Amino acid sequence: MLYKSILYSVRKCPQPRQLHHMPKAPLPGEPAKPYTLTEVPGPRTEMLMNEFSKIQQVGSIQYFADYQRSVGNYLADIDGNVFLDMYMQISSIPLGYNHRSILGALSCAGNQRIMANRPALGLFPGLEWPCKLQDTLLQPCVAPKGLPCVFTAMCGACSNEYAIQAAFIKYAERHRKDKDFTQEEKTTALYNKPPGCPELSILSFEGAYHGRTFGALALTHYKYIAKIDIPSLPWPIAPFPHYLYPLDQHEKENKKEDALCLEQKSIPLIIDEIQTGGAATGRMWAHEYFELNTPPDIVTFSKKMQASGFYHSSEYMPAHPYRIFNTWMGDPGKILILEAILQTIEAEDLLTHVCHVSNYLLCQLNTLQYEFPQLINSVRGRGFIIAFDMACRDTRDKLLHQLRCKGVQVGDCGVKTIRLRPCLIFGEYHADVFLDILRDCLQNFSES
């Protein structure tokens, strides 16, 4: 069962405790505020998109970024516009743009050689590889409790794909009772038939998104455009709870919704933390808030962790080599970047920072929710995984356009939802900049 983290709304709005690392001004090198000099997309982006469209589908591109000029919480485009980025490359940038610790790691000559000679890690890992994994992904304060093993992969979708394979392999090994593969299993596996390829399935939730590789796509029920025309697997889909907000005012209704949607079974639990992991919620992993009686069997990660893969208990270690394998099996360069990120998280106490700034931001969004109830509702979040709904899709899309024109980059989700995914160094100052612009946009809607 793949399980997405549930978003929570804050119950109270206390004044946030002032911390020394919560800036009341832009971070060094950042502009004071976002600004736009052209329409978005601007003329240079339009011209480049026309050229690019000859070799690739460009309909999803919003604008071409200028990463040389981007800094901290601000993303520049090639037309001279500068955006307060509260989406951060679909929640994948942990320390903002051009952070000194990451640039420093990449400037080290020894690290450059590791990146220049990218190995096939399953065959020829460098001598530093085991130690690097121990010092980063397997640190006690990083690895999910109870999961001492890790498999590295290339991306979030691959992480889920290989996690699924690990679950199937373990299930089959348990039922095989440590016996060798039968000749029938070996033969039928080559022709996609049982018993070599058993008829097993993964349970996922309605509305889920777990990636676009074949197995992960079978677990994705988010947008039809990702699935249409592609054969899939007839795996079961469970209803996902649709909660009422604020949560503290609808506990009875939401408990009833849980009871209707979820049955406990004796099956492996895979928690997808691709987007929610890496300190985004104020803890290293969102499932830490769930207070599980036993650890999950597998936890997948990517995005803010830079490296991708999955953690697992020792029993999910395949008995044979090449069971789960590809050429690169991850990227040592991403581990070097992660090392710098983890050092910064600890040095700047960013877990505490995220909790306090997000509490401040959620409280202010709740205030806007009561100020403009006809426009904005269902404010919810945990740390910097934040969302709110607009009255309808059309209003949501208009707000997205207005925010972008005023220099704020956010994301959309579902039918009428706006999602915020700022980086870990996003401060109260940046929240105030966003809230002022958001209030102006909502006020314009009210007056029109």
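**Figure 1. Serine 91 and methionine 88 in helix α2.** Serine 91 is buried, with a relative accessible area of 0%. The model shown here and in the other views is predicted. Serine 91 belongs to helix α2, and its phi is positive, at about 70°, although the residue is not a glycine. Methionine 88 is also placed in helix α2, which covers residues 88–91. The phi of methionine 88 is near 50°, again a positive value in a residue other than glycine. With a relative accessibility of 0%, methionine 88 counts as buried.

Figure 2. Helix α6 runs over residues 156–176 and includes serine 159. The relative accessible area of serine 159 is 0%, so the residue is classed as buried under the 20% limit. A polar atom of the serine 159 side chain lies 3.3 Å from the backbone oxygen of phenylalanine 301. Apart from residues up to four places away in sequence, serine 159 touches Ala153, Ile274, Thr300, Phe301, Ser308, Gly309 and Phe310. Isoleucine 298 is 139 residues from serine 159 in sequence, yet the two C-alpha atoms are 10 Å apart in space.

**Figure 3. Serine 302 in the loop between β8 and β9.** Strand β8 spans residues 298–301 and strand β9 spans residues 308–312; serine 302 sits in the loop between them. At 8% relative accessibility, serine 302 counts as buried. What does the side chain of serine 302 reach on serine 308? The partner is the side chain of serine 308, in a polar contact of 2.6 Å. A polar atom of the serine 302 side chain also lies 3.3 Å from the backbone nitrogen of glycine 156. Residues up to four places away in sequence aside, serine 302 touches Cys155, Gly156, Ile274, Ala307 and Ser308.

**Figure 4. Salt bridge between glutamate 339 and lysine 132.** The structure holds ten salt bridges; in this one, the closest N and O atoms of glutamate 339 and lysine 132 are 2.8 Å apart.

**Figure 5. Salt bridge between glutamate 371 and arginine 439.** The side chains of these two residues meet with an N to O distance of 3.5 Å. Glutamate 371 has a relative accessible area of 39% and is partly exposed. Arginine 439, at 28% relative accessibility, also counts as partly exposed.

**Figure 6. Salt bridge between aspartate 66 and arginine 69.** The side chains of aspartate 66 and arginine 69 meet at 3.9 Å, N to O. This distance falls within the 4 Å cut-off, so the pair is counted as a salt bridge. Arginine 69 is partly exposed, with a relative accessibility of 39%.

**Figure 7. Packing of helices α12 and α13.** Two packed helices are described by the angle between their axes and the distance between the axes. Helix α12 (residues 393–405) packs on α13 at an angle of about 130°, and the axes are 10 Å apart. The two helices are therefore oblique to each other. The crossing of α12 past α13 is right-handed. On the α12 side, the contact is made by Thr395, Lys398, Leu399, Gln402 and Leu403. On the α13 side, it is made by Ile437, Leu438, Cys441, Asn444 and Phe445.

**Figure 8. Histidine 221 in the loop between α8 and β6.** This loop lies between α8 (214–218) and β6 (237–238). The histidine 221 side chain reaches the backbone oxygen of leucine 219 at 3.4 Å. Leaving aside neighbours within four places in sequence, histidine 221 is in contact with Ser204, Phe205, Glu206, Gly207, Ala208, Lys227 and Ile237.

Figure 9. The peptide bond from valine 40 to proline 41 is cis, with omega near 5°. Proline 41 is found in the loop between β1 (2–3) and α1 (43–52). Proline 194 and proline 195 are likewise joined by a cis peptide bond, with omega about 5°. Proline 195 is placed in the loop between α7 (183–189) and β5 (204–205).

Key:
Residues are numbered from 1 along each chain as its sequence is written. This is a predicted model: local features need pLDDT of at least 70, side-chain atom pairs count only at pLDDT 80 or more; totals for chains, interfaces and linings use all residues. Side-chain values use heavy atoms; hydrogens and water are left out. Buried means under 20% relative accessible area, exposed over 50%, partly exposed in between (1.4 Å probe, protein chains only). Helices (H or I, at least four residues) and strands (E, at least two) are DSSP runs, numbered from the N terminus. A polar contact is a pair of N or O atoms within 3.5 Å; within protein, one must be able to donate a hydrogen and the other to accept it, and residues adjacent in sequence count only if both atoms are side-chain atoms. Contact means heavy atoms within 4.5 Å. Axes are lines fitted to C-alpha atoms, for helices over the stretch in contact, and angles run from 0 to 180 degrees between N-to-C directions. Angles under 35 degrees count as roughly parallel, over 145 as roughly antiparallel, 65 to 115 as roughly perpendicular and the rest as oblique. A crossing is left-handed if the near helix is turned anticlockwise from the far one by less than a right angle, and right-handed if clockwise.
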